[in-house]
Amino acid sequence: MGRKSQREIQRLYLLHRECVRRNPQYGRAYRKVHAIRDPERYAVELGWLSRHWGLSPSEDPPDPAEWPLADLEALLRAYRTGTAASKSALAQLDPVEFDAATQGLDLLRSILPRLAQQMKGFLFLVQFPERPNPPWGVAAIDLRRPKDEVLGVVRDLVDEAWKNRSPRHRERTPMRGSVQKGFAYLRVYDLRIKGQRRLKDIGSLMWPALISQDTEQKAGVYLAKAKAMIAHPPFLRALTQQLQQRQKGRVRYWDDPDRCSPSAMGRSVWLTPTRLSNGQWV
């Protein structure tokens, strides 16, 4: 994905996040989670809350009681300098990749102890192409080699694997439309709902140069569009459809639908087994 596409998706995500923040149903769910006193359950439920609403797992779910100014550039600056921009992708979660990694770890569990002894210091990559030819491939990379060499090998392997992916899967922007106009809808919404301003006053504040036009009616149109956008946050439907497309034809490990909710801009496939007191791995 190019930098331009990444910037576009980042802007769309911020619009989505601010719509979620203002959604009454999300607000109720957020308060319910924050009423949990058990730390472990709280952490789990907070994670599911983010995934259910298509929020990035690399930042805390937005507080519905705090509405920042619906200003795209200000939100971009805060997002890029915050924890969301600095956390490793390995700490994030993508439900499709998490499901595959969990299933793979379960299938490998019986041979992991032997592999751990015989293949110390190697990174293994296994590919199962969607096309019938070739059926599968394995690569072993010695991590005692210099990092630049390892990265070069991984890059070449990914390039080769990319050739064997299904042609129907193409990179797409999750949503199309004017992000700037979306934030204009939210500004009108904030002035009406939070600021308790009349539509006539909102029209004068939003479009002071359009004295000869009916800005009150325009403010009403923007308010209606904002309410529709908040009721159905723009990223969520697109992410859900994208997730369903990526899951199509694949065996699902988790049956719980909550564990298959969309998770924006995150991915994690790095899972490690845990050793029990009796020495077994799970």
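Helices (H or I, at least four residues) and strands (E, at least two) are taken here as DSSP runs, numbered from the N terminus. On that basis the protein chain comes to 11 helices and 2 strands, and from the N terminus on its elements run α-α-α-α-α-α-β-β-α-α-α-α-α. This is a predicted model, in which local features need pLDDT of at least 70 and side-chain atom pairs count only at pLDDT 80 or more, while totals for chains, interfaces and linings use all residues. Residues are numbered from 1 along each chain as its sequence is written, and side-chain values use heavy atoms, with hydrogens and water left out.

Two totals describe the chain as a whole. Of its 282 residues, 33% count as buried, where buried means under 20% relative accessible area, exposed over 50% and partly exposed in between, with a 1.4 Å probe and protein chains only. Taking contact to mean heavy atoms within 4.5 Å, 70% of the contacts between residues at least 6 apart in sequence join residues at least 24 apart.

Leaving aside residues up to four places away in sequence, Arg 22 touches Trp 67, Pro 68, Ala 70, Leu 186, Tyr 189, Asp 190 and Ile 230. The side chain of Arg 22 also reaches the backbone oxygen of Pro 68 at 3.3 Å.

Helix H3 (residues 39-52) has 14 residues and reaches 20 Å from its first C-alpha to its last, close to the 20 Å expected at 1.5 Å a residue; the expected span is 1.5 Å times one less than the number of residues. Within H3, Leu 46, Gly 47, Leu 49, Ser 50 and Arg 51 are buried, and the buried residues of H3 pack against H2. Just after H3, Gly 54 takes a positive phi of about 70 degrees.

The C-alpha atoms of Ala 184 and Ala 70 are separated by 7.6 Å, although the two residues are 114 residues apart along the chain. Ala 184 touches Met 206 and Tyr 222, again not counting residues up to four places away in sequence.

The axes of H8 (residues 179-194) and H10 come within 8 Å and cross at roughly 100 degrees, so H8 and H10 are roughly perpendicular to each other, a term used for angles of 65 to 115 degrees. Residues making this contact include Ala 184, Tyr 185 and Leu 186 of H8 and Tyr 222, Leu 223 and Ile 230 of H10. The axes of helix H9 (residues 199-206) and helix H10 (residues 215-231) come within 7 Å and cross at roughly 95 degrees. Among the residues making that contact are Leu 199 and Ile 202 of H9 and Ala 219 and Leu 223 of H10.

In the loop between H8 and H9 lies Gln 196, whose phi is near 55 degrees, a positive value in a residue other than glycine. Most residues other than glycine have a negative phi. Gln 196 counts as exposed because its relative accessibility is 59%.

Methods: Axes are lines fitted to C-alpha atoms, for helices over the stretch in contact, and angles run from 0 to 180 degrees between N-to-C directions. A polar contact is a pair of N or O atoms within 3.5 Å; within protein, one must be able to donate a hydrogen and the other to accept it, and residues adjacent in sequence count only if both atoms are side-chain atoms. Angles under 35 degrees count as roughly parallel, over 145 as roughly antiparallel, 65 to 115 as roughly perpendicular and the rest as oblique.
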